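Hi everyone, thanks for making time for this.

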Amino acid sequence: MMDKRDIALQMSCPVTGVPKFTELSPLDRNGERIMLAANGTFLEVNRPWIRVVVQVGPSLATTVPFGELKPAVEFKAGKLPRALLQEFVEWAQNDHHVEIGAVITWDEKTGQYALLRAKSTTATADHLDYELPTLPEGVHIVVDCHSHSHGHAFFSATDDADDQHALKYAFVVGHCNTNNPSIASRLCARGVFKNLTWKI
Ligand SMILES: [Zn+2]
C-alpha cells in the first residue's frame, strides 16, 4: 500500500499523458500537473489570474502514445497597470542607496491591482531581505519587484533561488541613482524563467 504522504504528494501534481486524438481540457482547479507529450515533458500551472504551460524536459527517449502540446501563457486578470511599475521605479529612485522590494497584487473579487511596499528586514546597497505582506484570501502576487540600488538590473543567482518555486512575474530596477534606470523582467513558472522586455 502506498504511504499516504505519497498519495498526497502525487495528488498535488498528477502526471497526465496528453491524448493524441482528444482535446485536452485545461486544468480548471488551482494547481499543477506534469504532462507527457510526444514533443516533450510539460508543466501546467493554473491560478485565478494566470494559466501557463511550459516545457520542463525533452521528449521521452522511446515511442509514446501521446499527442503534442504547445507552451502557453493565458493571463486571466485585467491589464496590469503600467503606472504601478512606474511608481515602484520612483520608490527605487527615491531610496537609491538601498535595495527595496514591493509586490503588485491582484484581487480576484474586485479585479483591483495594488502596489505594496515590502518591509525590509535587512537592506544595503547590495543585499536585501524582505518580508512580503500577508495577503487576504483571494489576493494574489502578480509581480514581485525589487531594486538593485546603483547596480544594473539583472537576475542574480540569489534571485533565481528565491524565484524557484513561484508562479509570478519578477521585475528588477537598477541604476536607481540615475534618471535612466535599467530594467529586467521575467515570468517565473516554478523553476522555468522566461525573460521579457517590459518597458517603463
Ligand atoms: Zn536581484
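Of the contacts in the protein chain with a separation of 6 or more, 54% are between residues 24 or more positions apart. Please keep in mind that this is a predicted model. The chain has 200 residues, and 25% of them are buried. Its C-alpha atoms fill a box of roughly 55 × 35 × 35 Å along the principal axes. If you count the secondary structure, you'll get three helices and 13 strands.

Now to the domains. The domain assignment gives domain 1, residues 4-75, and domain 2, residues 82-196. Taken over C-alpha atoms, the centres of domain 1 and domain 2 are 28 Å apart. In the contact there are 10 residues from domain 1 and nine residues from domain 2. Which elements give two or more residues to the side of domain 1 that touches domain 2? Those are β3 and β4, and β4 has the largest share of that side, with four residues. What about the classes of residue there? The side of domain 1 that touches domain 2 has nine nonpolar residues, one charged residue and no polar ones.

That brings us to the inside of the protein. The largest nonpolar core has 29 residues, and those with the most contacts inside it are V52, V142, V143, C145, L167 and F171. Several elements give two or more residues to this core, among them β2 (31-37), β3 (40-47) and β4 (50-57), along with helix α2 (82-94). Others on that list are β6 (101-107), β10 (139-147), β11 (167-174) and β12 (182-189). The most comes from β11, which gives six residues to this core. The core also draws on both domains, with at least three residues from each of domain 1 and domain 2.

Leaving aside residues up to four places away in sequence, V143 touches V103, I104, K168, Y169 and F171.

Which residues of α2 are buried? They are L85, F88 and A92. Looking down the axis of α2, you'd find these buried residues within an arc of 55°, so they line one face of the helix. The buried residues of α2 pack against β6, β7 (113-117), β10 and β11. Over on the other side of α2, A83, Q86, E90 and N94 are exposed.

Let me stay with Q86 for a moment. Q86 counts as exposed because it has 11 C-beta neighbours inside 10 Å.

Now for a few loop residues. H148 sits in the loop between β10 and α3 (157-162). Is H148 buried or exposed? H148 is buried, because 25 other C-beta atoms lie within 10 Å. H148 and E99 are 49 residues apart in sequence, while their C-alpha atoms are 5.4 Å apart in space. E99 is also among the residues that H148 touches, together with A153, V172, V173 and G174, again not counting residues up to four places away in sequence.

Further along, H175 is in the loop between β11 and β12. H175 is not a glycine, although it has a positive phi of about 50°. H175 counts as buried because it has 20 C-beta neighbours inside 10 Å.

My last stop is R190, in the loop between β12 and β13 (192-196). Here too we have a residue other than glycine with a positive phi, near 50° for R190. With 17 C-beta neighbours inside 10 Å, R190 counts as partly exposed.

That's my tour, and I'm happy to take questions.

Methods. Residues numbered from 1 in each chain as written. Predicted model: local features only at pLDDT ≥ 70, side-chain atom pairs only at ≥ 80, totals over all residues. Core = buried A, V, L, I, M, F, W, Y, C linked by C-beta atoms within 7 Å. Buried ≥ 20, exposed ≤ 12 C-beta atoms within 10 Å, placed from the backbone. Domains from an automatic or database assignment. Contact = placed C-beta atoms within 7 Å. Arc of directions from axis to C-beta. Nonpolar A, V, L, I, M, F, W, Y, C, P; charged D, E, K, R; others polar.
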